[in-house]
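Look at the structure below.

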Amino acid sequence: MATGIKDKVAIIGMGCSKFGERWDAGTEQLLVEAFREALEDAGIERKQIGAAWYGSCMDGVNVGNSAIPAAMALRLEGIPVTRVENMCATGTEALRGAAYAVASGAVDFAVAIGAEKLKDTGYGGLPVPFKGTLNSAWMPLGSAPAGFAQLASAYRAKYKTSKEDLKMAMARVSWKSHVNGVKSPKAHLRKEVSLETILNAPMIAEPLGLYDCCGVSDGAACAIVTTPEIARALGKTDIVTIKSLQLSISAGRESGTNQWDGSYVPNTRNAARRAYEEAGISNPREELSLIEVHDCFSITELITMEDLGISADGEAVTDILNGFYDADGKVPCQIDGGLKCFGHPIAASGLRMVYENYLQLLGRAGERQLSNVRLGLSHNLGGVPFNGVSAITIVGRHKD
């Protein structure tokens, strides 16, 4: 019977490039920037790496959608390097491949790396991946803000939340991320923004205003994994291990039936249930030390609090307004600024979230360091609220 990978995989090195409008670097340079930091952190040699997984979603550097550009940039000679893509969960998908390879005993050291150069596309938002009149039927929405704005309408209808309360809670979500992002040297947006400015910003897709939407960024993030036993043999004494790593992908029930009311994300709830079971967590509201969630839009973060079982259904608005998820709250969320301010180079985001939790667990988060960090959760949401993918990674200190 399957038992999962809890404490079977140790993260011994992580790296993250500076996120932002990186006109100074191509995808290859961003990959190298993140990889060098991770390799130095791990304290191993490049030749010890047995396999690598390269995440890339919309980056044009991929010749034939292969992993060859990453293998060349990182000089990963003669080993399997696999290119993966799972929309905004691509970085977590890369980590899953590397973690499973180590847990199975296939290799001693594996690399997961994700990178994206979105600013070079010339779009103000994400590039449109459609095929004109031949567009695939599974992706009917051409606007991410429009798709996620519908969550807000359904949520209000279900819980009878006033428009004013929901808008204020969404504004506080964004305000919090801007406050936290100032303390992240590698973040794309490092400027505090007042609640008044957020509330009065131009509308993008009702009720999402300008500051309810995350930015489009360039960047890369990387993880090097091995077993706890090998980590100890390398002299590592403070070891971070993966407690759970779960993905859930839609089979079309949300858009193809009337079983979904549009007020939550079924995939996130499914992935969270399995992740908590694998990690041995029974009360996430009390047991999690911090979370990094997929705040592509402020309403997404708000609803994710309930989908993760941290806020009760219909209570996320109250928790947010009460500061439960602030840096000094019970469960800090987006302590590094999240997608909203750290940035969202699609294939790097999942690994960037784990990077923050990893730093916090090791006490290396600098000005934004939290106290008594035990378990960190990261959550990715790929695609639209329906017909998408949710991914959850929980990391913590290893206990012998």
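Arg397 counts as partly exposed, because its relative accessibility is 33%. This value comes from a predicted model. Arg397 forms a salt bridge with Asp238. The closest N and O atoms of the pair are 3.4 Å apart. Arg397 lies in strand β11 (residues 389–397), while Asp238 sits in the loop between α7 and β8 (240–249), so the pair ties together parts that are 159 residues apart in sequence. Asp238 is also partly exposed, at 38% relative accessibility.

## Other salt bridges

The structure holds 22 salt bridges. One of them joins Arg232 to Glu229, with the closest N and O atoms 4.0 Å apart. Both residues lie in helix α7. They are three residues apart, about one turn of the helix. Arg232 is partly exposed, at 36% relative accessibility.

Lys47 forms a salt bridge with Glu45, and here the closest N and O atoms are 3.5 Å apart. Lys47 is exposed, because its relative accessible area is 70%. Glu45 reaches 45% and counts as partly exposed. Elsewhere, Arg22, Asp24 and Glu33 are linked in a network of salt bridges.

## Two domains

The domain assignment of the protein chain gives domain 1 (9–121 + 218–240) and domain 2 (144–215 + 243–397). Their C-alpha centres lie 24 Å apart. In all, 43 residues of domain 1 are in contact with 34 residues of domain 2.

The area buried between the two domains is about 3000 Å². Carbon and sulfur atoms give 71% of that area. Phe19, Cys88 and Val240 supply 23% of the area that domain 1 buries against domain 2, more than any other three residues.

How many salt bridges does the rule find across the interface of domain 1 and domain 2? There are three. Lys186 also forms a salt bridge with Glu37, the closest N and O atoms being 2.7 Å apart. Twelve residue pairs are in polar contact between the domains.

Which element gives the largest share of the side of domain 1 that touches domain 2? Helix α3 does, with eight residues. By class, this side has 22 nonpolar, twelve polar and nine charged residues.

## A buried loop residue

Thr227 is in the loop between β7 and α7 (228–233). Is Thr227 buried or exposed? Thr227 counts as buried, because its relative accessibility is 15%. Leaving out residues up to four places away in sequence, Thr227 touches Lys8, Ala10, Val102 and Asp108.

Note on methods:
Residues are numbered from 1 along each chain as its sequence is written. This is a predicted model: local features need pLDDT of at least 70, side-chain atom pairs count only at pLDDT 80 or more; totals for chains, interfaces and linings use all residues. Side-chain values use heavy atoms; hydrogens and water are left out. Domain bounds come from an automatic or database domain assignment. Contact means heavy atoms within 4.5 Å. Buried area is the accessible area (1.4 Å probe) that two parts lose on being put together, summed over both. A salt bridge is a side-chain nitrogen of Lys or Arg within 4 Å of a carboxyl oxygen of Asp or Glu. A polar contact is a pair of N or O atoms within 3.5 Å; within protein, one must be able to donate a hydrogen and the other to accept it, and residues adjacent in sequence count only if both atoms are side-chain atoms. Helices (H or I, at least four residues) and strands (E, at least two) are DSSP runs, numbered from the N terminus. Ala, Val, Leu, Ile, Met, Phe, Trp, Tyr, Cys and Pro count as nonpolar, Asp, Glu, Lys and Arg as charged, and the others, Gly among them, as polar. Buried means under 20% relative accessible area, exposed over 50%, partly exposed in between (1.4 Å probe, protein chains only).
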